Amino acid sequence: MYINDFSFTLYYCAVVILFKSIFAMEKDNQNEVTPVKKNRCGKVVQLEQKKKIIYLYMDLKQKEPDIKYIDLKDKLSERSGIGIKTIMKTLSEYKSSGTISLPINNKKRLTVIEKVDDYSKNKIRKKIHEFWFSKKIPSLRKIIQVVKNDPDLPNISRTSFQRLLKDMQFEYSKTSSINSALIERDDLVLCRRKYISTLRRYRQEGRTIYYLGETWVNVKDRSSKVWVDKSVKSNNNKFLRGWTTGSRNPRCKRFIVVHIGSFEGFVADGLLCFESNENTVDNHNEINCNTFFEWFCSILPLLKDDAVIVMDNTPYNSMKKEQAPIISWKKNAILEWLESKGVVITEPGMVKFELLQKVQQIKQQYERLVVDEEAKKFNKIVLRLPQYHNELNPINSALSLVKSHVKENNTTYNLNDFRKLLNDSIKRVTPEKWSDCISHTLKEEDTFWQVDFISDKILRN
């Protein structure tokens, strides 16, 4: 029995080897007709692939010296599996310099947080809040399904959606009874409630509230898709626009627009408009701290006394007068900073983290913001918006009206015409339209104020 099994095993191995040999011979005979795997569109062409293009080019020119260029590039593309544009670029580089360069991949893939715009984030937050208002628990599964059912919202995978919610400062409830509920982080809720209560107090005191914000407009943009916010009313249908969207064309000039306004409308001579250097996702990176500060100082005398200026926390308006020590500082530098503030170190053997603890106790006295301090000189107060709450700033809706009018009437794509159209669009946002935008924001404030009570009652009572 053992010998029979052994003989069968040898026979089986011989058959396998025979079939492999036949298959290899057939493959060698079909090499010329086997289709070449094409390089995926958008994938970077590596150095070895470029070398292959040159080798094929030299071989083809030797075999067919009279071949036309149009036929040459088609054959090279067919044999290498690489696109014709890359073929032409590689050949041009080789003919002009005699060499081929290393591939450079400058493409930066956007994260889900960068892909989803503020409008979509605000709408997702509202959908979560709707669950609380309906006395229902907003779980991750339920919210994903609601977002998928909304055609205006992007289709996001579960993992990416979790990442997005985390960036929006949502977390799971830590209560033992309902630990699957999506709630906003306590620090975000506290910051938001402090902002709303402070703003309400300023309104009761009769202070004028100014709202500061920014947007961007491409010179060659035309209206393609516009989000309609019907809660912002207007007599003119052209201005029934809450949040606008449009393509960012890197081939045309793009302008950053910064402005400030109140219930009386945009502040006269308060426009800051300049050409963008990059086509970035976040226009906050486009504004220089010095440029903003110079503009901010120029508009302070134009505002009423005892006014409040609402703005968000961005790098260009959050520059500190003095930087307090952080963990990257050397120990001696931390000691010098503490001594310069009159802090006496009685224990000579203190380690770096103990020194940083002392810094934490006093740093708020010295980490004042340049913009805030400048406003105080003119008897003005700066109030910062809570993070991730652009809908609480009515100037975003007002600037969207401007942006929408520019896109709908942009026909010449001429730079001078664009500037004139922009100024005309700003003038068209009347105090009545501003009042509509502010009224809408007041409703948003009330919604946030109420939802915190409702979620707190359901989860903690």
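Author: Let us begin with Gln 169, which counts as buried because its relative accessibility is 13%; buried means under 20% relative accessible area, exposed over 50%, and partly exposed in between (1.4 Å probe, protein chains only). The model is a predicted one, in which local features need pLDDT of at least 70, side-chain atom pairs count only at pLDDT 80 or more, and totals for chains, interfaces and linings use all residues. Residues are numbered from 1 along each chain as its sequence is written, and side-chain values use heavy atoms, with hydrogens and water left out.

Reader: Where is Gln 169 found, and what is its phi?

Author: Gln 169 sits in the loop between helix 8 (158-167) and strand 1 (170-172). Helices (H or I, at least four residues) and strands (E, at least two) are DSSP runs, numbered from the N terminus. The phi of Gln 169 is near 70°, a positive value in a residue other than glycine. Asn 379 also has a positive phi, near 60°, and belongs to the loop between helix 13 (370-377) and strand 10 (381-384). Asn 379 is partly exposed, with a relative accessible area of 41%.

Reader: How should I read the buried residues of helix 12, and why do they line one face?

Author: One looks down the helix axis and takes the arc of the directions from that axis to the C-beta atoms. In helix 12 (residues 352-362), Leu 355, Leu 356, Val 359 and Ile 362 are buried. These buried residues fall within an arc of 120°, so they line one face of the helix. The face turned away from them carries the exposed residues Phe 353, Gln 357, Gln 360 and Gln 361. Helix 11 (331-340) is included in what covers the buried residues of helix 12.

Reader: Which residues have the most contacts inside the largest nonpolar core?

Author: A nonpolar core is a set of buried Ala, Val, Leu, Ile, Met, Phe, Trp, Tyr and Cys residues joined through side-chain atoms within 4.5 Å. The largest one here has 31 residues, and Tyr 195, Tyr 211, Phe 266, Val 310 and Trp 434 have the most contacts inside it. Helix 14 (395-409) is among the elements that give two or more residues to this core, and its share, 6 residues, is the largest.

Reader: What is Trp 434 in contact with, leaving aside neighbours within four places in sequence?

Author: Contact means heavy atoms within 4.5 Å. On that basis, the partners of Trp 434 include Tyr 211, Gly 261, Phe 266, Ile 395 and Val 429.
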